[in-house]
Amino acid sequence: MCLSTSSNIIKQVGYDFKNIEKKWQAYWAKNQTFKASNHSEKPKFYILDMFPYPSGAGLHVGHPLGYIASDIYARFKRHQGFNVLHPQGYDSFGLPAEQYAIQTGQHPAKTTQENIDRYRQQLDQMGFSFDWSREVRTSEPDFYKWTQWIFLLLFDHYYCKNTDKAQPISSLIALFEKHGNNKVNAVCDSSVEHFSAEQWRSMTSQQQQHLLLSYRLAYLSETEVNWCADLGTVLANDEIINGVSERGGYPVTKKKMKQWSMRIGAYAERLLQGLNQIDWPESLKEMQRNWIGKSIGAKVFFQIEGHNKKIEVFTTRPDTIFGVTFMTLAPELDLVQEITQPEQRKAVEAYIQETQKRTQRERMADVKNITGVFTGSYVLHPFTQERIPIWIGDYVLADYGTGAVMAVPCGDQRDYEFAKEFNIPIKNIFQGVSVEKEAFEDKGSTIIDHSDFLTGLAYKEAMQSVIQALEKKGCGEGTTNYRLRDAIFSRQRYWGEPIPMYYKDQLPQPLELKHLPLHLPEVEKYLPTPEGAPPLGNAPYWAWDTVNEKVVENSRIDNKSVFPLELNTMPGWAGSSWYFYRYMDASNSDTFAGKEAVKYWKEVDLYLGGSEHATGHLLYSRFWQKFLYDLELLPVEEYAKKLINQGMILGTSAFVYRKPGTQTFLSKDAIPEGVQMEPIRVDVNLVNSADELDIEAVKQWQPQFQNADFELKNGVYKVGREVEKMSKSKYNVVNPDAICEQYGADTLRMYEMFLGPIEQAKPWNTAGISGVHNFLKKYWRLFYDDQEWLVHEQQPSNKELKILHETIKKITFDIEHFSFNTCISGLMICVNELTTLKCHSKAILSPLTLLLSPFAPHLAEEIWERLGNKTDISRVEFPVFEEGYLVEDTKNYPVSFNGKMRFTLELSLQLDQKGIQEAVLNDTRTSEYLEGKTPKKWIIVPNKIINIVF
């Protein structure tokens, strides 16, 4: 480290943030200052940000919020003596790059690299202490090799209920060989029937493989999916917002396709219980609980009249079974086509077509429109054998429960409204309750009536009794159900991880680890093929030669030794479900992460990211974690001990107001009351801090404003403002590059933290940033005036020490509790007080610089060097407050004469009353107020007041 000489110190008196920040960023990069070691005697601390998708727009000021918070904490933990792992990388597979490739023909890898270069430049200029030696990219083959490997492990395992964990599929085959599936207690498709060992052995290899797909944790099946034709791909539920695709806002419909899925439902209970072990926001944990949707109730089987099939329903209220007056099926169930009577077929098919136009969320949210169609068929009540009509209704979903509902209109409001709409009878089975106006849903005060053996029983007793009766009769059983559906894993995209499978006799066959990674092939077009196959169908070399064990041209497919490869790719959440372990050992080519590295780092100690990932990434990653834990590849069941959801920085959009049908725009403060105007967004960068529009700039910005007439008030055009999500489409994006250029990265870092608590959303206001910048200049002036270096070696006063140690105590506490906005306030108060005292003591300013270091690292490093230190500041021990300096040893007494306070006098708290009197009398101001008179009485309250009566 090159130290400044005293002459340089004197010459470099201004706060030249541009050169300071450039200097230290270069120093950190050259010296790999923040590189973590996998072999350290220090305690470890692993802090992680959710890695970004590198979009073409780059970062706006809202993106770095979580990175700044994590960086402050990472620097703080280094100061405390921890070996800190603070890595960064890129979730670099994604739909936007593919859509750009479709539009331009440019390979997604090229645009992704360009975007990453842009992100890296922006991240570096903000002074983040990332260990870039461990950078990962999900689109790099040396990374997705291990994503493919984990997929193969999932394919090669099933979930055993007896051991409550994943087991090798080979052990399941061994059980089938000996006992069939009669002694198997495993999670599997509901369509699996019992078979004996003899039946298993009599199956062909193809039949056995097909059956095993019903047990595998990664499996192929015909599944109803969310199909987005405009994007040409399947979407997960969390990728759909208000019935349209999150990306692009395109319509989404239901479609049946052969898809890879993940049996995440097998882990539903463990995912629920695991939430009790982790320090995550309660609101996020509740979102996951609701998504998993645990319900305790019973399975009931209703025999279809005239058919050999039964309808299975799951209900949380089997105690109301004698109140069933109709059955409702999800319109998309295959069974609907089988049971629909000829006279109802036309109406049923028309209803099914209408239902396909609506997403699940739309159907669930729409409680006003009650629709349905009678199928013409009936089921028989399991106890009374009464005929119960079977309807279809879009409020029932095929992938929740069994897709069938036993409708009890007296006990469920939605069933009640359905029955009222279609004049279906409503039986009242509750004692002392009227259901003339609405259903009775209070199970806590339920007493069953008109229900045979259940009559007179309360809810709990009736539940137990009816489940026993159902099990005895063989038409039901008590069970627990989960709303959590198996996760669709296939995507009909190009820019994603290839699924390492080929097809022999139309059945999937896995590649071996030695053949991974299966590289993404080159294609001429990124659209689906003319036949509708996914984009990988355009690849000329996309077949697997089992003899030579390599990818070959498609023309060689003979289904004897050369077979077609899987055309679907993996979803965006695949790589993000395990990337945090790759950071532990990023360059390991032999395994996803070495045992010693995993043993040392173990888990993420602090994870930061948005709550929007609650039911996507944060759930899928917990599922993969538990699976890899079952295989003893990982040491813990949960990968992140603590999670913080940072709030969003909101944009303050700007609007101009147009008279309808004209090109005339009125200033916001010139619009007459009651006159309707048309608000139009304009770029916030064309508006100054006083909300005044740069009219010439806006005319050049977009053609629609070129010939516009702007009516001013007092010579200016005032825009309207509205706080909303920061987005390029809303023209309210603030570029951090411009802030760093004008004020510096340290100012940007501190201002983002100063805006408010890390977890809360807050609006961006560029006008407020100058206050933080002025604070840093004020801190600089503790060391310099216009002429010279001011720092001296003299001992500080007790007051200065008290201010310092109060600040040390506050900053330490607030950082540990992630209250970064109050840290900034505390530093500002400290600098103001030290400035008032004209404090320039090195004994005070050195620890103060350490306190500032996590927040404004460039400035702190520069001052630390100028203080004469020979090592960089990043690993210097954080100051520890000493209680003794916080104890008051003097009191600034108010001194009053005949009850009127005239002046204050600082006195030692050790003085007795006589000593206080002497000190007061010795003060020249006392004789002035006594006017030669002798005090008649002294009123002294120690540590409070002094009053002289004369």
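Reader: Which side chain is joined to that of Y779 by a polar contact of 2.7 Å?

Author: The partner is T849. Please keep in mind that this is a predicted model.

Reader: Where does Y779 sit?

Author: Y779 belongs to helix α24, which covers residues 769-780.

Reader: Is Y779 buried or exposed, and why?

Author: Y779 counts as buried because its relative accessibility is 1%, and buried means under 20%.

Reader: What else does Y779 touch?

Author: Leaving aside neighbours within four places in sequence, Y779 is in contact with V831, L848, T849, L852, L859 and I863.

Reader: How far is Y779 from Y15 in sequence and in space?

Author: The two residues are 764 residues apart in sequence, while their C-alpha atoms are 9.7 Å apart in space.

Reader: What about contacts across the chain as a whole: what share comes from residues 24 or more positions apart?

Author: Among contacts with a separation of 6 or more, 71% are between residues 24 or more positions apart.

Reader: How many helices and strands are there?

Author: The protein chain has 30 helices and 34 strands. Its C-alpha trace spans about 120 × 80 × 70 Å along the principal axes.

Reader: What percentage of the residues count as buried?

Author: The figure is 53% of the 950 residues. The accessible surface of the chain comes to about 42,900 Å², and carbon and sulfur atoms contribute 48% of that surface.

Reader: Let us turn to H858. Which helix holds it?

Author: H858 is found in helix α28, residues 857-866. H858 counts as buried because its relative accessibility is 0%.

Reader: Which side chains make polar contacts with the side chain of H858?

Author: One is Q25, at 3.0 Å. Another is D746, at 2.8 Å.

Reader: What else does H858 touch?

Author: Not counting residues up to four places away in sequence, H858 touches I20, E21, W24, Q25, W28, M126, G127, A745 and D746. Both A745 and D746 are also among the buried residues of helix α23.

Reader: Why is α23 described as largely enclosed?

Author: Nine of the 10 residues of α23, which runs over residues 745-754, are buried, so the helix is largely enclosed by the rest of the structure. The buried residues are A745, D746, T747, L748, R749, M750, Y751, E752 and M753.

Reader: What comes just after α23?

Author: G756 is found there, with a positive phi of about 160 degrees.

Reader: Which residues other than glycine have a positive phi?

Author: D505 is one of them, with phi near 55 degrees. F818 also has a positive value, near 60 degrees.

Reader: Where are D505 and F818?

Author: D505 lies in the loop between β18 (501-504) and β19. F818 is in the loop between α25 (798-816) and α26 (820-836).

Reader: Are they buried or exposed?

Author: D505 counts as partly exposed because its relative accessibility is 47%. F818, by contrast, counts as buried, at 11%.

Reader: Which residues are joined by a cis peptide bond?

Author: L516 and P517 are joined by a cis peptide bond, with omega about 0 degrees. P517 lies in the loop between β19 (507-510) and β20 (543-545).

Reader: A change of topic: how many cavities of 30 Å³ or more are there?

Author: A search of the whole structure finds two.

Reader: What lines the largest cavity?

Author: Its lining consists of D366, V367, N369, I370, T371, D394, Y395, R414, E417 and F418. These divide into four nonpolar, two polar and four charged residues.

Reader: And which residues line the second largest cavity?

Author: The second largest cavity is lined by E224, K254, P331, E332, I352, T355, Q356, R358 and R363. Five of these are charged, two are polar and two are nonpolar.

Reader: Finally, what does the side chain of N947 lie 3.1 Å from?

Author: A polar atom of that side chain lies 3.1 Å from the backbone nitrogen of G899. N947 is in strand β34, residues 945-949, and is buried, with a relative accessible area of 13%.

Key:
Residues numbered from 1 in each chain as written. Heavy atoms only, no water. 1 Å grid on protein atoms, 1.4 Å probe; cavity = no way out; pocket = protein on both sides within 12 Å on 5 of 7 lines; lining within 4 Å. Points joined across faces, edges and corners; volume = space filled by probe spheres on them. Nonpolar A, V, L, I, M, F, W, Y, C, P; charged D, E, K, R; others polar. Helix = DSSP H or I, 4+ residues; strand = E, 2+ residues; numbered from the N terminus. Buried < 20%, exposed > 50% of the residue type's maximum accessible area, 1.4 Å probe, protein only. Contact = heavy atoms within 4.5 Å. Polar contact = N/O pair within 3.5 Å; in protein donor to acceptor, adjacent residues only side chain to side chain. Areas by Shrake-Rupley, 256 points an atom, 1.4 Å probe, with all protein chains shown as cover.
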